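This briefing is intended for a reader who is new to the structure shown below.

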Amino acid sequence: MTLAEMKEGERARIVRVGGEEAVKRHLGALGFVAGTMVRVVGESYGNQILAVHESRIAVNDATARDIEVDKV
Amino acid sequence: MEKSVKIALAGNPNSGKTTLFNALTGSEQYVGNWPGVTVEKKDGILVGHKEVVIQDLPGIYSLSPYSLEEKVSRRFLVEEGPDAILNIVDGTNIERNLFFSTQLAELGLPMVMAVNMMDVVKKNGDKIDFDRIAKALRCEVVGISALKNEGGREAAEKAVEMAKKTVVEKGPGKLPDVPHVFSGSVEHAIAHIEESIQGKVPARSIRWYAIKIFERDRDIIKKLGIGVGEMKHLEEHIRDCEKELGDDAESIITNQRYDFIKRLMDKSLALNEKRKGKPTMSDRIDKVVTHRILALPIFILSLCVMWFLAVAEKGPGTILTDWANDGFLGDGWHLPFSTHECREEGKYKGMEFEDAQGVFARNDASKTAWEEAYLEKLNEGKADAEKVEEMPEEIDEKVAAGVVAKGVFVEDEETGEPLAKECDCENCAKKRESGEECEGCGCGCGEPDIWDVDFAAYKAAKEFEEPDPKQFGVWVPGVGALITEGLEKAGVGDTVKSLVVDGAWGGVATVLGFVPVIFIVFLFLAFLEDCGYMARVAFIMDRLLRRFGLSGKSFIPMLVGKGCGVPAVMAARAIENERARRMTVILATFVPCGAKTVIIAMFAALFFREQWYVAAMMDVVGIAIIILGGIALKKTRFFAGEASSFVLELPAYHMPTVSGVWHHTWNRLKGYILKAGLVIFPACVFLWFVMHFDWSLNLLADEEIEKSILHDFGTWIAWVFKPLGFGSWQGAAASVSAEIAKEQATATLKLVTVGMEGASSGAHIQNFFASISEFPKLAALSFMMFNLFVPPCMVAIAVTFREMGSQKWGWLAIGFQLFVGYALALCVYQFGVLFAGGGFGVCTVMAALVFLVCLWAVVRPARKAAVKT
């Protein structure tokens, strides 16, 4: 499944990050790499606030659809 | 002299980097809680060490260029090479922050890692093993708290020490010890690459370059001039790794970096178990602030607060502006919170200044009215030629005795109606104090104050002279008054006096007069940014703005634009998507800025007293242009394509520090004040010159403005403005001078309409519009809208050109803004005239065509493919 399908409060492990090269690189720097845990802490009209490591990252739905995850 | 030591301060956004920089250098510096506020690197001298330069880089997440800021930092670190790096790391989010640190370590420069926010780390009950991290990353590690000013200096001094030691100990050619973080096969491939690029890159940074080549970084490969054949050989090694690990090279590097950090953290970071997974304070605030339904009202409410503070009637912004214009920069002002009683003997002794003004206004009205009545009596039955125009010195007592002026009153400044009576009886005074309407005691209080004046009353009224503010309380003279006084004392001629007072100072004073409003806007925005709310605004607004081709991050430049367009255009740098950034630059200045509100205020007062909504509508029109303009631009080949991603770190909320907010506000305001000195000053002198001289350089009196250079210039280009309803030299001259600074439109308009009929400059302007159009209100509206929505002042235009990146893009931006302003004024005027029954003409057809073009630009189907720029 992708990150976009996750609901508020759910946790998941990142499997793969896809999408545009530059964005993927930026997401990687922010900690979005395979194996990392993410938690959806907020949601607003398809855009999400995610907890990765100790930071909060806001992403839009298009970006969330490019991130494959395994729900835990 | 000792050789200077350069220390680069590098770290993630919101790691407290700028706070540390301020503490180390004591210099003024932009501090923000908005990811990526520092765009250019800034230098400062380390306090107490004259030979040490601290260089503040933009906060970035990685050395792979993603945004403009990352490019700036990377170029600096790799190419210019500081003597040492002071890497600041957020101790509360150390895992993510170390990703950047591993990259920095590979540059092979001496490095000190300052783990910031140790006070919070300790409070949370977490433990970090500095020694282990230092050993793994081959650098020094110290704990600091930038906010509490603890440990920062020691960290910087350690970096200086390391920089000096490295120069002495290690000669050129000796390789530094850099961490190896990757798995066997990757390290193998990197070793191969290192071998093949030896000699092409600085020896100490060879590992960093090799990793970049492994990642197939196009910029680096091009810069090193690695040929196709050579790359093919290296490609084999890279592809072997990719095959073995089942991922692309870049992901391998990123993943293995995080693997390395994770292994390191497992041993060196002990998180307090109790805290794990619990929502933080920030999370709880976000639940409300980014709530589906509440988010927008909360945002709008915060804007309303800003609105009230800055521009609302009787709000602090207006009070401060009045004080700045009339008091500080103008004639002078009374010290507040002291009595303003008159000290001098005379009519006003013991009176408050406001009361004295009221008494004078009443007597002045009596005097003027009676004199008018007297002249009328005197001229009764006389032929036009014999009529006496001015009050004679000697009053004919016989005639005067019978003259009574009836129905005299003092006009209310706003409504023009007679002022209400205010009696002194105890009852009324009490009621007034408690804010009640004062009626019913039979003294006539609250009714219109209208009276008659006979000769005796006139003689009494004549005795009252205008109260001199200097005789009341503590009077502080204004800068304007001081300049005038100084020039008079120096005995300079009228020409010089006019040049200095009307030309130079007048222009500069109008610009400085907006400082209060702009200051309040910037102060408020700085607070919102520093506490972390602005990042949430970008998140909330992203969905909406995306439809217009903009980004959620475009909202901040637009808000800044309410104050001044120049910092607004620069604030767009934080947007990493190039298309959205350029569109934001083009559109942000359509928000009426502080200077434009002056134009709005004047026209609202002169032409739209009954249409109170016109002033507020201008902001709405600005927003509408941004929306429709965004839609239209997105459909052109320049901006086509989906701006699909939005990724933004939301920093934890915290109470901003006073010094942080102040630095932040001052940095934006500084630009505006400098503009007054560097651009407006010479421009106003030039404008004064073309207004006061003719072609043979003769000085002209104010009434002779029709002989001036400005008049001729206006006449040449007046035809351009004909279809807009103000095609006369005055309209043209005012519009052109508005490009120097927007508020100049009102000042010039006052000057060029001096020849019009009317008692005041306001009446001059009203009569001017009446003289050039059958529909003066429409012409005035068209003039106002033209000046609000064409390109902003020349300072903003210059900044727009710079930020757009090239002449072509700059002209595109300015051309678009010119078209919008002209088209809007044209359509408003021509359709207005048509509906008002003014008939149909060539210009109406022109307006209709322009309207259709705009409509088509907005509704036509979008293009699919983006053009590479």
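In S4(A), Ser55(A) is the bridge partner of Val52(A). The model is predicted: local features require pLDDT of at least 70, side-chain atom pairs count only at pLDDT 80 or more, and totals for chains, interfaces and linings use all residues. Residues are numbered from 1 along each chain as its sequence is written, while chains are lettered from A and ligands numbered from 1 in the order in which they are written.

**Strand pairing**
- Strands are DSSP runs (E, at least two residues), as helices are (H or I, at least four), numbered from the N terminus; two strands pair if DSSP finds at least two bridges between them.
- Strand S3 (residues 47-52) and strand S4 (residues 55-59), both of chain A, pair in the antiparallel sense over 5 bridges.
- S4(A) also pairs with S13(B), in the antiparallel sense over 4 bridges.
- Within S13(B), Glu649(B) is the bridge partner of Ile57(A).

**The sheet**
- These strands belong to an open sheet of 6 strands with antiparallel pairing, in the order S5(A)-S1(A)-S2(A)-S3(A)-S4(A)-S13(B).
- Its edge strands, each pairing on one side only, are strand S5 (67-71) of chain A and strand S13 (647-650) of chain B.

**Contact between the chains**
- The contact takes 30 residues from chain A and 31 residues from chain B, where residues are in contact if their C-beta atoms, placed from the backbone, lie within 7 Å.
- On the side of chain B that touches chain A, the elements giving two or more residues include helix H3 (94-106), helix H11 (249-268) and S13.

Technical notes:
Contact = placed C-beta atoms within 7 Å.
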